[in-house]
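This report walks through one structure, part by part. Look it over first, then read on.

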There are 2 protein chains.
Amino acid sequence: MPRAASGAAVWGQPDERSMDPDGGWGAALAHHFARKLDVVNRGFGGYNSRWGLKLLEQVLQQVAASGQQVALMTLWFGANDGAIPGRSAERQHVPAAEYAQNLAAMVAMARAAGISRIVLLTPPPVGDDARVRHQQKRMGITTAVLPDRTLEYAQQYAAAVRDTAQQLSLPVVDLFAQLQQEPGWRDSLFDDGLHFTPAGSRKVWQLLRGVLGQAYPELSLESMSNQFPWWDKWDAADPEAFWEEALPQLQATAQRQQRTQKKEEKKQG
Amino acid sequence: MPRAASGAAVWGQPDERSMDPDGGWGAALAHHFARKLDVVNRGFGGYNSRWGLKLLEQVLQQVAASGQQVALMTLWFGANDGAIPGRSAERQHVPAAEYAQNLAAMVAMARAAGISRIVLLTPPPVGDDARVRHQQKRMGITTAVLPDRTLEYAQQYAAAVRDTAQQLSLPVVDLFAQLQQEPGWRDSLFDDGLHFTPAGSRKVWQLLRGVLGQAYPELSLESMSNQFPWWDKWDAADPEAFWEEALPQLQATAQRQQRTQKKEEKKQG
């Protein structure tokens, strides 16, 4: 039957805000791919890559059970792995070396499940002072505290993503480096040194979109067929005849796309 | 396996903007139900209920093939059906009586496919003058034109939705009546007398949310289980043991939910 033959999955830690109707980058992805791909949000706030690795097996089983083919997966962890040991968020900490291994293991699992187009995102840069203020506010204190995450500490996690992406021949959105190039990024892009403002989330989408265009030109809107005809294609005088002719064509196109995709997956698998 | 046992589907004419990361009400729905339900956008811009009825059979087949159970469906046509015959958008016109029949037929098809929770939305009110300006701009003229849609003409379509909802015992979001209560609605909620501004789309979500809460309290966030544990439930010291214990419970919960839903559907089907 005619369908958006496949979906895009958003996988990683930032569930709370990715579909936010105030600039959310997951919503932007869904808006961008409307009538082309369904976007499935599998973001889990607060998760690190160690816990995420456990979940991914289940998530991939869900996808397999639905018969959907995943055309694209974004993979984004690290903001929580990079919580500093001995400070207030240490429960979330995962060492950078293990973090890199977890990312590679997730990619291997996704590839084994037939997902070939994956984009890695580095953790974003950290606003150290804003983290301090956030912790003080949460704890109701004004005395000095050490930030639970820092820009300096996050560096090694960003580097781990870059290395992993290179080793696995995958594209990477280097949020860590690129967001720091925005003037006043600490206040304009983040609201507590860690979570994005609407402007920050829009910037994430802008950077992701650029990487997608370069790495996966076959996912350009021009390259993908639409789900069902545009409204102005309908023969208003005789919609019955139009649909009788259009439907078998749509079904044939959908079947052809599925065959092509399966072949591609076999080649890459 | 643990899953958001079901999804919510957005079905109707307004695809272009519902997932818009600038206030889109579909994005708001997805954000609201994150970790509870997946939101699938099946909006088709420019469609009327006559063309939409043809598509719905295919869309429901897709859903059935995916094994997903639809927990909620929004049903929204009419802004195009209400294009006035003999004017510039007449191709999209469908008489109000047929429109009402089409809506009822769609509800019957959805119910036959096991979808019991449906919300109807009336077409929004029309800004006549803005329609005139929009048409003049598109045609590059400054001479007088008659608006392709009008507030007065849209009335009968809104009435048809109210009647259909009552006959079929379904909740309705009366956008036609309620949006007109907003001061300055013509300019603040619409950008061309027909399509929503971000503020308009936010208002749609606010009204839809209110109706959902009243009609389907079982879809309140408190009533639905989360997909996978919150991050702070994990035993950071021993994630292996935590997961070994949590996973079978999650699986049992998911199976129980699916059985309950299937029973409900049989009862209502």
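## The shared surface

About 4700 Å² is buried between chain B and chain A. Carbon and sulfur atoms give 58% of that area. On the chain B side, B:Pro21, B:Lys54 and B:Trp231 lose the most area to chain A. Together these residues account for 15% of what that side buries. The model is a predicted one.

The size of an interface is often given as the accessible area lost when the parts come together. Contacts give another view: 54 residues of chain B touch 54 residues of chain A.

## How the copies are related

Two copies of a chain are related by a rotation about an axis and a shift along it.

Which surface does each copy use? Of the interface residues of chain B, 100% are also interface residues in chain A, so the copies meet through the same surface.

## Polar links across the interface

Six salt bridges are found across the interface of chain B and chain A. In one salt bridge, A:Lys54 pairs with B:Glu240, and their closest N and O atoms are 2.6 Å apart. Between chain B and chain A, 16 residue pairs are in polar contact, with both residues at pLDDT 80 or more.

## What builds the chain B side

Several elements of chain B each supply at least two residues of the side that touches chain A. They are helix H1 (15-18), helix H2 (25-32), strand S2 (38-43), helix H3 (49-66) and helix H10 (239-268). The largest share, 10 residues, comes from H3(B).

By class, this side of chain B has 24 nonpolar, 14 polar and 16 charged residues.

## Inside chain A

How is chain A divided? Domain 1 covers 6-219, and domain 2 covers 231-268. The centres of the two domains of chain A, taken over C-alpha atoms, lie 35 Å apart.

Over all chains, the count of salt bridges comes to 24. One forms between A:Glu98 and A:Arg50, with the closest N and O atoms 2.8 Å apart. The pair links distant parts of the chain, 48 residues apart. A:Glu98 sits in helix H4 (residues 96-112) of chain A, and A:Arg50 in helix H3 (residues 49-66) of chain A.

Technical notes. Residues are numbered from 1 along each chain as its sequence is written. Chains are lettered from A and ligands numbered from 1 in the order in which they are written. This is a predicted model: local features need pLDDT of at least 70, side-chain atom pairs count only at pLDDT 80 or more; totals for chains, interfaces and linings use all residues. Side-chain values use heavy atoms; hydrogens and water are left out. Domain bounds come from an automatic or database domain assignment. Contact means heavy atoms within 4.5 Å. Buried area is the accessible area (1.4 Å probe) that two parts lose on being put together, summed over both. A salt bridge is a side-chain nitrogen of Lys or Arg within 4 Å of a carboxyl oxygen of Asp or Glu. A polar contact is a pair of N or O atoms within 3.5 Å; within protein, one must be able to donate a hydrogen and the other to accept it, and residues adjacent in sequence count only if both atoms are side-chain atoms. Helices (H or I, at least four residues) and strands (E, at least two) are DSSP runs, numbered from the N terminus. Ala, Val, Leu, Ile, Met, Phe, Trp, Tyr, Cys and Pro count as nonpolar, Asp, Glu, Lys and Arg as charged, and the others, Gly among them, as polar.
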